[in-house]
Amino acid sequence: MQPRNMSMSGVVDLAAVKAAQEAKAKAEQQRAESARQGGGGAVPPSSLVIDVDEAGFERDVLQRSAEVPVVIDFWAEWCEPCKQLSPLLEGLAAEYNGRFVLAKIDVDANQMLMQQFGVQGIPAVFAVVAGQALPLFQGVAPAEQIRGTLDQLIQVAEERFGLTGITVDPDAEGAAPPAEAPAGPYDAILEAAVQALDAGDLAGAVQAYKNVLSDDPGNTEAKLGLAQAELLQRVQDLDPQQVRRDAADRPTDVAAQIAAADLDLVGGHVEDSFGRLIDTVKRTAGDDRNAARVRLLELFEVVGSEDPRVTTGRTALARVLF
């Protein structure tokens, strides 16, 4: 795939003077607030390349873009060109030493972000500067060509938004962790959620997990627990025989297919559950398609990202979407 949109010439047109001034003022305000709270100090080199998901996007990309340009690499495990571009971008992030931060977004796991950015194919590279999203290029390009685009991005970020990058401290890397990690702030709530599940109090478990995620959206244990509790809550009052009859009699009824997929998963038929929803996504459009896609992503959470069946399912989903 040939790279497109390598020129930054459209940035000035996209960022009108008034919008740029407002974004600059907001960025300065956020930087001042970060400094007041003790933030904005030197960071280790490992902070220059980060994995970002939908839950952490506001914190890791939008808020960070008030201090430094954030370059976004949309990629997927099955994408061969991505395997060429991603290491190149990571090397450039180290080379530029704090002039930009590279955020890597797996499109299979974060399809809502892919849609919001209007990604049509991968690899695709965007930037966010002071909260303003800018398309950079799509496809693989030579390092020198990418350097030219990055240089223009950094120039725009400094001249129009006052962003001069972040300080990198190599000595901050590899600091020894504490000998024993203290108990996490949500351990008691998570334990209460598990106890509620064991007692059959699904509503109580759901609320407990939501309480954790409201403060810590990236909490893996809470995300997994919530997905499992909500699945059990959805199927507890279903009539399995009626659900399966409805799904067989009405193959185009998205709600019927979603309910059957839930039952498939609870019954341990993981591949059947995923396959049913992938087929539904393939033959539907609009809100129906999105409903099936969202439920499939929720069921991926229930099984867990490390399960090879989830990896296979994500690949199959990406193929029908693209």
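A disulfide is here a pair of cysteine sulfur atoms within 2.5 Å, and a search of the whole structure finds one. The model on screen is predicted, so to speak of a local feature a pLDDT of at least 70 is needed and side-chain atom pairs count only at pLDDT 80 or more, while totals for chains, interfaces and linings use all residues. Residues are numbered from 1 along each chain as its sequence is written, and side-chain values use heavy atoms, with hydrogens and water left out.

Begin by selecting C79 and C82, which form a disulfide with their sulfur atoms 2.4 Å apart; the link of C79 and C82 has 80° about the S-S bond and is right-handed.

Next, select the strands, bearing in mind that helices (H or I, at least four residues) and strands (E, at least two) are DSSP runs numbered from the N terminus, and that two strands pair if DSSP finds at least two bridges between them. Five strands make an open sheet in the order β1-β3-β2-β4-β5, with mixed pairing. At its edges stand β1 (49–51) and β5 (132–138), each with a single partner strand, so one side of each is left without a neighbour in the sheet. From one strand to the next the twist averages 25°, where axes are lines fitted to C-alpha atoms, for helices over the stretch in contact, and angles run from 0 to 180 degrees between N-to-C directions.

Now move to β4 (residues 124–129), which runs antiparallel to β5 and is joined to β5 by six bridges. Here V129 stands opposite Q132 and V128 opposite A133, and in the hairpin, which has two residues between the strands, A130 takes a positive phi near 50°.

Finally, select A109, N110, K223, E301 and R314, the closest to the centre of the largest pocket among the 35 residues that line it. The elements that give two or more residues to this lining are β3, α9 (220–235), α13 (286–303) and α14 (308–321).

How values were computed
1 Å grid on protein atoms, 1.4 Å probe; cavity = no way out; pocket = protein on both sides within 12 Å on 5 of 7 lines; lining within 4 Å.
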